[in-house]
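Take a look at the chain below. This report goes through some of its parts, one at a time.

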Amino acid sequence: MTKPDDVLTEDEVAERADTAWITSAAARLARLGADPEDDEDLRQKKTLLVLLAVLILPVSVVWGTVYLAFGSSVGIVPFIYLAVSIGSLVLFARTRNFRLLLVTQLLDILLTTTAGQMLVGGFLPSGGVGLWGILAPLGALLFLEVRRAIRWFGAFVLVFLVTGVAGEVLFRDADLPIWFTSTMLALNVIGTGAVAFTLLATFANQRNAALTALRVEQEKSESLLLNILPSSIAERLKAATQPIADHFASASVLFADVVDFTPLAQRLPPAEVVGILDQLFSSFDALVERHGLEKIKTIGDCYMAAAGVPDARPDHARKAALLALDMRDAVATSAVAGQSGVELRIGINSGPVVAGVIGTKRFLYDLWGDAVNTASRMESQSTPGEIQITRATYELLKDEFVCRRRGMILVKGKGLMETWYLVGSRSDDRRTERGIESEAAGALHQDRRSRGST
């Protein structure tokens with residue numbers, strides 16, 4: 001019979017009980033000197049320094065005890081280190097002064113280890129105990145800026161050499177057994193290397209974590225920038241030192257507006273209003289992406305897109321026409337239209353435009369020029385459910401698309417203009433006979449007017 005996964009054996013219970021106090025003690029040490037106002041970086045530094053200081057304490061006890069057991073008074077030095085280290089930790093718990101704790105710990109390990117090296121009789125008789133002093137500049141490198149860590153390294157080299165030479169010249173050899181000195185040398189090298197490796201590994205982990213976080217933030221920024229600006233413009237903006245401003249000899253601009261949306265918005269809850277626009281404009285975004293146009297912006301319930309910018313293309317009018325037809329169909333077949341009776345009014349115009357990025361915050365890639373203003377007028381003075389185009393756009397589309405002549409209309413700021421309604425693509429079998437007949441009738445009417453004028 002197998003035991004359930006959530007039932008522990010007596011040995012497992014005992015093992016968890018034995019390790020629970022270790023986990024609890026580590027957690028309490030990690031909170032030593034913690035301040036609620038600390039940022040994440042300072043909190044991690046405090047935790048690491050406390051844990052490193054505590055880990056070295058047993059080493060100093062063993063080192064001092066062994067030397068005292070061999071009758072060498074130099075064994076007192078590690079206990080001096082122990083007293084200073086514990087005192088600084090107690091003071092840190094009360095004051096939460098991280099800088100004071102760091103400097104005290106660095107000086108403690110630098111001076112006591114090299115002093116022990118001197119009192120035993122120099123480099124070799126001490127078994128290389130002065131090597132522990134290298135932890136001072138390594139700790140400074142981990143917790144301080146590089147410039148200050150270099151100073152600590154210089155201090156270590158100076159103190160290590162001075163105390164080592166002074167021990168060789170001024171102090172008598174402790175006359176310890178060779179095997180003991182050799183063993184202590186090995187232990188000092190291993191111990192110093194282990195702590196140094198821990199410091200470097202921690203530093204590497206923090207660096208890698210910081211780089212990973214930086215890459216994630218860069219990717220978020222890139223994604224956000226690409227959601228705001230065309231990709232080619234975003235690349236130029238990152239490297240640009242001058243304002244981005246381009247002139248396009250020919251492009252097509254499309255405006256689409258939800259008819260009578262303002263009174264509709266007054267009748268609906270805010271969440272439903274935003275939901276309707278989000279559903280519509282999200283579908284428009286997908287269509288813009290599919291047809292290779294560029295979404296410029298939304299203004300309330302008005303959607304603006306353009307073809308031929310920021311990358312010029314000869315078929316810009318065709319792309320704008322296909323987008324407009326799909327937008328109209330998408331709205332007509334959407335659930336939103338069935339529920340709220342939403343219709344679109346669309347206008348397209350083609351001509352020269354100026355494009356660029358304005359502002360220093362919340363960048364906007366925008367278009368300017370008479371062609372843009374006229375496209376906006378085509379939308380505002382169109383008919384619900386229709387796509388109104390100017391003569392400039394009609395001339396670019398007439399061979400491939402069915403267009404129904406509307407005639408002369410008075411356009412604000414432009415006077416009388418001849419306009420057409422875009423019906424559909426000539427290659428689309430779904431086009432209505434009404435559209436073809438309207439086109440033919442419009443052409444006949446135009447021909448009669450031409451004859452009458454002559």
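## A hairpin of two strands

Strands β7 and β8 form a hairpin, and three residues lie between them. In the turn, Gly-413 has a positive phi of about 80°. The model is a predicted one.

β7 covers residues 401–411, and β8 covers residues 415–425. The two strands pair in the antiparallel sense, over ten bridges. Is β7 mostly covered or mostly open? It is mostly covered, with eight of its eleven residues buried. In a regular strand, side chains alternate between the two faces of the sheet.

## The whole protein

Now step back. The protein has 454 residues, and 41% of them count as buried. Its secondary structure comes to 15 helices and eight strands.

## Helix α11

Helix α11 runs over residues 316–332, which makes 17 residues. From its first C-alpha to its last it reaches 24 Å, close to the 24 Å expected at 1.5 Å a residue.

Which residues of α11 are buried? They are His-316, Ala-317, Lys-319, Ala-320, Ala-321, Leu-323, Ala-324, Leu-325, Met-327, Arg-328 and Val-331. Keep the helical repeat in mind when you read that list. An α-helix has 3.6 residues a turn, so residues three or four places apart point the same way.

## α10 against α11

Helix α10, residues 270–291, packs with α11 at an angle of about 150°. Their axes are 10 Å apart. Angles over 145 degrees count as roughly antiparallel, so α10 and α11 are roughly antiparallel to each other. The crossing of α10 past α11 is right-handed.

Which residues make the contact? From α10 come Leu-280, Phe-284, Leu-287, Val-288, Arg-290 and His-291. From α11 come Lys-319, Leu-322, Leu-323, Asp-326, Met-327, Ala-330 and Val-331. Among these, Lys-319, Leu-323, Met-327 and Val-331 are also buried residues of α11.

Leu-397 lies in helix α14, residues 391–397. Is Leu-397 buried or exposed? It is buried, because its relative accessible area is 1% and the limit for buried is under 20%.

What does Leu-397 touch, leaving aside its neighbours within four places in sequence? It is in contact with Ala-317, Arg-318, Ala-321, Ile-389 and Leu-422. Ala-317 and Ala-321 are among the buried residues of α11. Leu-397 and Ser-425 are 28 residues apart in sequence. In space they are 9.2 Å apart, C-alpha to C-alpha.

## Backbone exceptions in loops

Most residues other than glycine have a negative phi, and most peptide bonds are trans.

Start with Arg-96, in the loop between α3 (76–95) and α4 (98–120). Its phi is positive, near 60°. Arg-96 counts as partly exposed because its relative accessibility is 40%. Next comes Asp-260, in the loop between β1 (245–258) and α9 (261–267). Asp-260 is not a glycine, yet its phi is positive, at about 55°. Asp-260 is exposed, with a relative accessible area of 57%. Pro-310 sits in the loop between β3 (302–307) and α11.

Conventions:
Residues numbered from 1 in each chain as written. Predicted model: local features only at pLDDT ≥ 70, side-chain atom pairs only at ≥ 80, totals over all residues. Heavy atoms only, no water. Helix = DSSP H or I, 4+ residues; strand = E, 2+ residues; numbered from the N terminus. Expected span 1.5 Å × (residues − 1). Buried < 20%, exposed > 50% of the residue type's maximum accessible area, 1.4 Å probe, protein only. Pairing = 2+ DSSP bridges. Axes fitted to C-alpha atoms, helices over the stretch in contact; angles between N-to-C directions. Parallel < 35°, antiparallel > 145°, perpendicular 65-115°, else oblique. Left-handed = near helix turned anticlockwise from the far one by under 90°. Contact = heavy atoms within 4.5 Å.
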